[in-house]
Amino acid sequence: MRAVITATAAVLAGQLVLAATTAAAEMDEATLREAFAAADTNGDGVIDEAEFAADIVKAFVRLDKDGDGQLSPAELAAHEPGLFEAMDTDGSGTLSLAEVQAKRTADFEAMDTNGDGVLTFEEMRAFRPGM
Ligand SMILES: [Ca+2]
Ligand SMILES: [Ca+2]
Ligand SMILES: [Ca+2]
């Protein structure tokens, strides 16, 4: 069953995940803070793994415009092609939620530079994929 999400939530949710995958530098600080706040659903100022995982699913649903449960390169048009190929671990030409989750989970660990299991805004902002 697909999660029902409001239009506003759909727009805001997932931006954190997008920020982590595309160049975070392209998002201005206000947008990044908005995305961070949207993902921080309990409002404690940090993103824990459960909040991050929920944000992944919201991002996936939002990006999956045709609702087939797979992300095509076109649906991920804003992303770098190299990233798409790296995430498509079974080489099917589309990304399943599991493939996205695998990559994002690795990103969470990479972003959590002090290893305390939660992400601060500063940790997220400092993260640059491929660097
Ligand atoms: Ca939180
Ligand atoms: Ca695939
Ligand atoms: Ca941390």
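Modeller: Helices and strands are here DSSP runs, at least four residues long for a helix and at least two for a strand, numbered from the N terminus. This is a predicted model, and in it the protein has seven helices and four strands, which follow one another along the sequence in the pattern α-α-α-β-α-β-α-β-α-β-α.

Biologist: Where in the protein is confidence lowest, and where is it highest?

Modeller: The pLDDT is the predictor's confidence in each residue, from 0 to 100. The protein averages 81, and 74% of the residues score at least 70. Confidence is lowest in helix α1 (residues 7–12), with a mean of 37, and highest in strand β4 (residues 118–119), at 98. Over residues 1–13 the pLDDT is below 50, and this stretch has 16 contacts in the model beyond near neighbours in sequence.

Biologist: How should I read burial, and which residues of helix α3 are buried?

Modeller: A residue is buried if 20 or more other C-beta atoms lie within 10 Å of its own. Of the 131 residues of the protein, 24% count as buried, and in helix α3 (residues 29–39) Ala35, Phe36 and Ala39 are buried. Seen down the axis of α3, its buried residues fall within an arc of 100°, so they line one face of the helix.

Biologist: Which residues have the most contacts inside the largest nonpolar core?

Modeller: That core has 16 residues, and those with the most contacts inside it are Ala39, Phe52, Ile56, Phe60, Leu71, Val100 and Leu119. Helices α3, α4 (49–63) and α6 (97–111) each supply at least two residues of this core, while α4 gives the most, with four residues.

Biologist: What is Leu71 in contact with, leaving aside its neighbours within four places in sequence?

Modeller: Leu71 is then in contact with Phe60, Leu63, Asp64, Leu76, Thr94, Leu95 and Val100. For the protein, among contacts between residues at least 6 apart in sequence, 55% join residues at least 24 apart.

Biologist: And where is the place of Asp88?

Modeller: Asp88 is in the loop between α5 (81–87) and β3 (95–96). Because Asp88 has 19 C-beta neighbours inside 10 Å, this residue counts as partly exposed. Leaving aside neighbours within four places in sequence, Asp88 is in contact with Gly93, Leu95 and Glu99. The C-alpha atoms of Asp88 and Leu71, which are 17 residues apart along the chain, are separated by 9.8 Å.

How values were computed: Residues numbered from 1 in each chain as written. Chains lettered and ligands numbered in written order. Predicted model: local features only at pLDDT ≥ 70, side-chain atom pairs only at ≥ 80, totals over all residues. Contact = placed C-beta atoms within 7 Å. Buried ≥ 20, exposed ≤ 12 C-beta atoms within 10 Å, placed from the backbone. Arc of directions from axis to C-beta. Core = buried A, V, L, I, M, F, W, Y, C linked by C-beta atoms within 7 Å.
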